[in-house]
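Please look over the sequence and the model below before reading on. The paragraphs that follow go through its pockets and then a part of its surface.

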Amino acid sequence: MFNIKNELYDAWKEKRAVGAFNIYDLETAQAVAEASKEADYPVIMQITPSAIEFAGLKQIFDIAKNEIHENGIKAAIHLDHGKDYGITKSCVDIGFDSVMIDGSKLDFEGNLALTKKVADHAHRVDVMVEGEIGVISREEGGELSGEGEMTNPDMVRDFATKSGVDILAVSVGNEHGAPKGEKLNLELLREIGLSTPVPLVMHGASGLSESDIKEAVRCGIVKLNIDTNIRKIFVDSFSIKHPGIKDPREILLGAKNEAKELIKKYIGILSGK
Ligand code: G3H
Ligand code: ZN
C-alpha cells in the first residue's frame with residue numbers, strides 16, 4: 001500500500017520532491033491523476049476548505065479516490081490549509097491520507113498547541129500531518145492577508161519536535177497566487193534545511209523559477225504546492241467569454257446555477273405544478 005510519509009521521507013534522502021496539486025472538481029482530479037499515470041510518478045491531490053465548500057467533502061473525496069483507483073497511481077489525498085481542528089478531524093475520519101493544520105497566524109504557543117492536537121488525533125490512524133511556521137502573506141487565490149513573516153530558523157526544531165508534525169511548511173519569500181516579484185530567500189531556506197528534523201513544504205510555488213525550485217529541493221523541500229498555474233490554464237480557456245475571471249469555479253458555479261434553473265423550469269412544466 002502506498003504510504004505518503006514513507007514516500008516523502010525517501011524523497012528527502014534522495015533529494016527529490018513530490019508535487020501537491022489542488023483539485024476541486026472532476027476535471028482537476030483527472031488532470032492530476034492522468035499526469036501521474038503518464039509520468040509514472042506519485043502525486044498528492046490536495047483539497048482546500050474552500051474546495052470542500054464548493055464540492056462537498058464526501059463528493060470531492062470520492063472523486064479523488066476514484067481517480068486514483070481507476071488510474072492505478074501512487075497518490076495521496078491531502079487537506080490543504082486546514083484552519084481548525086474540526087476540518088482536520090472530518091478529513092481524517094473520512095479517510096484522507098494527510099492533513100495540513102495551518103496555525104501560522106497564531107502566536108508560537110497557540111500554533112504549537114493546535115498543531116499538536118491535530119497530530120495526536122491524526123497519528124492514531126496513521127494519517128500524515130503538515131504544519132506551518134512563519135506566515136505567507138498572500139492567501140489562496142493570491143489575496144493579500146496582512147503582513148507576511150519569514151520563518152525563524154531558531155524556532156523550527158522546537159516547533160517540529162514538540163508538535164509532532166511529519167512535514168513542515170515554511171515562509172521564505174514564497175507567496176500564494178504567483179504575484180510579480182515573488183522570490184525565494186534561498187540563504188534562509190538553506191539555514192532552515194540544515195537544522196530541521198522533518199522535511200519541508202513549499203507553498204506558493206506557482207510563481208517560482210525552475211532553478212529556485214531545484215535549489216529548494218536540494219535544501220530539503222519534499223512537497224511542492226501548485227494551484228494558481230493550474231487554475232490559470234482552466235480560466236484562460238474560458239476567458240474570451242468571461243474576461244477578468246480569476247477562478248474557474250466562478251464560471252462553473254454560474255453555469256451550474258443557470259442549468260439548475262432551466263432544469264427546474266422543465267420540471268415545473270412536466271410536473272404541472
Ligand atoms: O496551498 C496551495 C499552494 O501553496 C498554492 O500556491 O498559489 O503558488 O499555486 P500557488
Ligand atoms: Zn498554500
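The second largest pocket has a volume of about 350 Å³, a volume being the space filled by probe spheres set on grid points joined across faces, edges and corners. A pocket here is an open set of points on a 1 Å grid over the protein atoms alone, where a 1.4 Å probe fits, with protein on both sides within 12 Å along at least five of seven lines, and lining residues have an atom within 4 Å of a point. The second largest pocket is lined by 15 residues, and Gly-141, Gly-142, Gly-177, Thr-228 and Lys-246 lie nearest its centre. Its lining divides into three nonpolar, five polar and seven charged residues, where Ala, Val, Leu, Ile, Met, Phe, Trp, Tyr, Cys and Pro count as nonpolar, Asp, Glu, Lys and Arg as charged, and the others, Gly among them, as polar.

This is a predicted model, in which local features need pLDDT of at least 70 and side-chain atom pairs count only at pLDDT 80 or more, while totals for chains, interfaces and linings use all residues. Residues are numbered from 1 along each chain as its sequence is written, chains are lettered from A and ligands numbered from 1 in the order in which they are written, and side-chain values use heavy atoms, with hydrogens and water left out.

The largest pocket has a volume of about 430 Å³, and among its 23 lining residues Met-1, Phe-2, Asn-3, Ile-4 and Asp-97 lie nearest its centre. Helix H1 (4-14), helix H4 (57-71) and strand E3 (75-82) each give two or more residues to this lining, which divides into 13 nonpolar, four polar and six charged residues.

Terms used: Helices (H or I, at least four residues) and strands (E, at least two) are DSSP runs, numbered from the N terminus.
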